[in-house]
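Reader: I am new to protein models and would like to learn how to read one. Could you take me through it feature by feature?

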Amino acid sequence: MADEETEAEAESTTETTAEREAEATDDVTIDVEAIDEYEQRIDELSTAVEERDETIEELRSVVEEQSEQIDKLENQFLDLSARVADGRNLGVCPECNGPTEKKERLFRADTIECTRCGEVIHTY
């Protein structure tokens, strides 16, 4: 009878140990899945950060190009304004940097045109 009780305790201990190991295995599986999801999320975020950095660099280069173009156009405008203001109605074409002059017409609107390329710079 004592042997039977010992065997019953051993079996219950074995069953309890087996249940604990099964639960531990389930916990490990869940942890592995969570780790995989976490690593995937890290990869996604890293990719998003790299794309954002590339976009920022592209935007910076566009801003630099536009700033240079604005400076160039501003200088040409100031030159054109200075030449027109001197009374001779001459200026500089923003397209070809050729001389411009004011054309006064009887039936159409007056214009400032480039004498080299024919570009109409301004219409009054």
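Author: Gladly! Let us begin with strands and helices: these are DSSP runs, with helices (H or I) having at least four residues and strands (E) at least two, numbered from the N terminus. Two strands pair if DSSP finds at least two bridges between them. In this structure, Thr111 stands opposite Thr123 in strand 4.

Author: A word on the source: this is a predicted model, where local features need pLDDT of at least 70, side-chain atom pairs count only at pLDDT 80 or more, and totals for chains, interfaces and linings use all residues. Residues are numbered from 1 along each chain as its sequence is written, and side-chain values use heavy atoms, with hydrogens and water left out.

Reader: How many bridges join strand 3 to strand 4?

Author: Three, and the two strands run antiparallel. Their hairpin has five residues between the strands, and Gly118 there takes a positive phi near 80°. Thr100 has Cys114 of strand 3 as its bridge partner.

Reader: Are the faces of strand 3 covered or open?

Author: For that we need a scale: buried means under 20% relative accessible area, exposed over 50%, and partly exposed in between (1.4 Å probe, protein chains only). Both faces of strand 3 (residues 111–114) are covered, with Thr111 and Glu113 buried on one side and Ile112 and Cys114 buried on the other.

Reader: Which residue forms a salt bridge with Glu113?

Author: A salt bridge is a side-chain nitrogen of Lys or Arg within 4 Å of a carboxyl oxygen of Asp or Glu. Here the partner of Glu113 is Arg105, and their closest N and O atoms are 2.8 Å apart. Glu113 counts as buried because its relative accessibility is 14%, whereas Arg105, at 25%, counts as partly exposed.

Reader: How many salt bridges does a search of the whole structure find?

Author: Five. Among them is the one between Arg60 and Glu57, with the closest N and O atoms 3.2 Å apart. Both residues lie in helix 1, three residues apart, which is about one turn of the helix. Glu44 and Arg41 also form a salt bridge, at 3.5 Å between the closest N and O atoms. This pair, too, sits in helix 1 with a spacing of three residues.

Reader: Is Glu37 buried or exposed?

Author: Glu37 is found in helix 1 (residues 2–88). Glu37 is exposed, because its relative accessible area is 55%.
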